[in-house]
Amino acid sequence: MLLLPATLSREEIPILFHEPHVMKGFRPLHYPWMSYFLSLFQWHNELLNIWTHLLALIMVLVRASMWWTEFDLLRDPYMWPLSVGIITMIILYVCSSGAHCFQNRSELVHYTCFMFDYAGIGLYGFGSTMLHYWYCLHESFMGSLSHQLAIPVGAILAVLVCICCSISKTKYKRPYPFTRRIWQMSSVASIYIWLIFPIWYRIWLYVHTGEWDPSFKHHIRQMCWFTLGGFFFGSDIPQRFFPGTFDIIGHSHQLFHICIFMTTYEQLSALYLELTGISVIIHNMESPTLFNTWGVLILVVVCNSIVVYLFHISVERKLEDERKKEDKEEEDKGEGVLKEKAELKSNSPNRKSANGDGCDVHHRNGVIH
């Protein structure tokens, strides 16, 4: 039977798999890979985490197929940044849905799945940096230092997101301290501030000059959705106030996933208006090259893959050391029990002898009397 058995309560699974204020709906460990894949169609507390980002993946693929017929995504160098951005979105949602689908299989798989998830988040940040700095610039921003450093800084921040989030996952144990959230949210906030800066600049100009662009409504919505997602991610609301009520449907991580889904949706809607507007800013720039588009993407993918591999090896050793330590403690405990039993056994004849001598004395005393 490949289907997973009934879900478990938090008391029945290792503490590593606990979620804040979630009391039930956990999948059991150590079943075949296919069982966790088939859990896509079973009720558990990760189900909507998986499907929200699977639906986001489908949305991105549908948009990409539509744009494939309208833009020359592979042969036109001016469309290469768009292609790179779409690929990073696909990687993000594959990694995220895969992590939530398979993370319950074992402790090592749990750690490794979320490291891939963090790599995908960093890549998405890099892809969004490329999209915004190629297609969403104001002409007065072109040639500035920030514009020239946009792609290198975005690539570095993408790798740092993977590193910082992996540290947050492996350095701390549940119940996690707030310091862990600082590792996660500060790194993600850094790359988000960098990637959104060209759009902030254009909106700032609108406030002062009144230069409105139809894409602004979608850009503003994507910023609102992302901010709302950060709130749900960091607050554990609503389950914080109603533990056990939102275990399957409605807990904060699911709401966070929906917000990121909507962030991508609004981002793609804004990009389409940028690409089909009267003045497409990218044609005023130098043509993108293979190196500063596909080349940097490959570099970031390789770097994040190395980060994931190194942390995977570190966690594997850590778990092995913990198992050896537990085995040694069990062995020492067993030896202690055996030693105690041996001492009791060795002392029992003496007690018997003492009891026997007492009987003889009483018996002799009886005879004398």
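The questions and answers that follow concern a predicted model.

Q: Why is the contact between Arg202 and Glu274 called a salt bridge?
A: The closest N and O atoms of Arg202 and Glu274 are 2.5 Å apart, and since a side-chain nitrogen of Lys or Arg has to be within 4 Å of a carboxyl oxygen of Asp or Glu, the pair meets the definition. Arg202 lies in helix α6 and Glu274 in helix α8, so the pair ties together parts that are 72 residues apart in sequence.

Q: What makes Arg202 and Glu274 count as buried?
A: Buried means under 20% relative accessible area; Arg202 has 7% and Glu274 has 8%, so both fall under that cut-off.

Q: Why is Arg174 called buried, while Glu19 is called partly exposed?
A: With 15% relative accessibility, Arg174 is under the 20% limit and is therefore buried, whereas Glu19, at 29%, lies between the limits of 20% and 50% and is therefore partly exposed. The side chains of these two residues, Arg174 and Glu19, meet in a salt bridge of 3.3 Å, N to O.

Q: What makes Ile298 exposed rather than partly exposed?
A: The relative accessible area of Ile298 is 55%, and because exposed means over 50%, Ile298 passes the cut-off.

How values were computed. Residues numbered from 1 in each chain as written. Predicted model: local features only at pLDDT ≥ 70, side-chain atom pairs only at ≥ 80, totals over all residues. Heavy atoms only, no water. Buried < 20%, exposed > 50% of the residue type's maximum accessible area, 1.4 Å probe, protein only. Helix = DSSP H or I, 4+ residues; strand = E, 2+ residues; numbered from the N terminus.
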